[in-house]
Amino acid sequence: MSKMEAYKRIALVTGGNKGIGLEICRQLALNGTNVILTARDEKRGKEAVEKLTKDYGLTNVIFYQLDVTDLSSIESSVGFVKSQYGKLDILVNNAGIVGHEFSKPIAEKINNGGDSSYILEVQAKLQAADLKFLAAMTIEPYEKAKECIDINYYGTKAMCEAFIPLLQLSESPRIVNVSSYFGKLEFIPGENIRNEIGNISTITEVRLEELLGTFLEDFKAGRLKESGWPDMSSAYTVSKVAVCAYTRILAKKYPKIIASSVNPGYVKTDINLNTGVISTEEGAKGPVMLALLPDGSSSGQFYDETELCSFE
Ligand SMILES: NC(=O)c1ccc[n+]([C@@H]2O[C@H](COP(=O)([O-])OP(=O)(O)OC[C@H]3O[C@@H](n4cnc5c(N)ncnc54)[C@H](OP(=O)(O)O)[C@@H]3O)[C@@H](O)[C@H]2O)c1
């Protein structure tokens, strides 16, 4: 029996080459889970696995190339997991991007690391979810907004749909969808949209995706505010709210699977130019806890780091 086979649970993590995803892989592997660290870039993914082996002596992590927006890549990974393990126990949908870009002077100021008082100001404003400040520092081109919805929501959904047959062969299947602080409904200003998305008795995947389509049309037409959408960090917020809503729909549709969504916290990673206030070790705690939830735990819930939190 190989070392990989000696471990019981099989987990697959998307966007595992860096940031929170890499740390989720490390913590799951330390826990004794067999981890398939996936990344869209083969070189970055293989280097991440080598790092986990070299720095932590972990031999129960392997690499598989996976871009969550590429259906053939998803299908190939399903085929791999099926042939190697015959099932999947834990799916962590961590891969994600922000739909905005930091404006050039701001990015330079932060990246050069020279202006530490400015970095502290940025941290305080972002921690306080100061959306006006965020808007002043960022630009949100339509193409980036669309890419954000495609990766964060449709990528998560495609992964769930593709792996659910293998998850259903597990004795304790878990899905963890990494959302955000902005994944809470309260960040959608429009009451009608909030009520529709928040009504678990009536919301469906079809309706959720109609709303995403409307959001992108409104974005293109420059009428976000009057249509009830957030007009700052809008695609990121809408994508993460949709991830939480989709997780609730999943939980209802597949009662055997424990599906959760989670805000990992404001974590120091490339996604926020490393302005975050907690380490990846702290940020991975929530997703890992949810990946290892005991049988009988409640499904469809949203967590703020390791604490249960209301989606509404
Ligand atoms: N950091 C925070 O404060 C924070 C807060 C709330 C939520 N989150 C969420 O946490 C998750 C991880 O983010 P992070 O902070 O660790 O940021 P990160 O360091 O930028 O990592 C993002 C990861 O997602 C991968 N990715 C992007 N698009 C992909 C695709 N199409 N297919 C596969 N992988 C893809 C990236 O791969 P490449 O290296 O190839 O780009 C990278 O591995 C995201 O969902 C993010 O929204 C983060």
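1. The ligand sits in the largest pocket. A molecule counts as sitting in a pocket if more than half of its atoms lie within 2 Å of the pocket's grid points. A pocket here is an open set of points on a 1 Å grid over the protein atoms alone, with protein on both sides within 12 Å along at least five of seven lines. Helices are DSSP runs (H or I, at least four residues), numbered from the N terminus.

2. On provenance: this is a predicted model, where local features need pLDDT of at least 70, side-chain atom pairs count only at pLDDT 80 or more, and totals for chains, interfaces and linings use all residues. Residues are numbered from 1 along each chain as its sequence is written, and side-chain values use heavy atoms, with hydrogens and water left out.

3. The pocket's volume is about 1,200 Å³, taken as the space filled by probe spheres set on grid points joined across faces, edges and corners. Of its 50 lining residues, Gly96, Tyr236, Thr269, Ile271 and Asn272 are closest to the centre. A lining residue has an atom within 4 Å of a point. Helix 1, helix 5 (116–127), helix 6 (131–137), helix 7 (142–167) and helix 11 each give two or more residues to this lining.

4. Ala, Val, Leu, Ile, Met, Phe, Trp, Tyr, Cys and Pro count as nonpolar, Asp, Glu, Lys and Arg as charged, and the others, Gly among them, as polar.

5. Check the ligand oxygens. A polar side-chain atom of Asn17 lies 2.7 Å from a ligand oxygen. For Arg44, a side-chain N or O atom is 2.7 Å from an oxygen of the ligand. Val267 uses its backbone: an N or O atom there lies 2.7 Å from a ligand oxygen. The ligand alone exposes 900 Å², and the protein buries 94% of that (Shrake-Rupley, 1.4 Å probe).

6. There is one cavity of 30 Å³ or more, a cavity being a set of points where a 1.4 Å probe fits but cannot get out. The volume of the largest cavity is about 40 Å³. Its lining has eight nonpolar, no polar and no charged residues, Trp229 and Ile197 among them. Helix 9 (205–221) and helix 11 give two or more residues to that lining.

Technical notes:
Polar contact = N/O pair within 3.5 Å; in protein donor to acceptor, adjacent residues only side chain to side chain.
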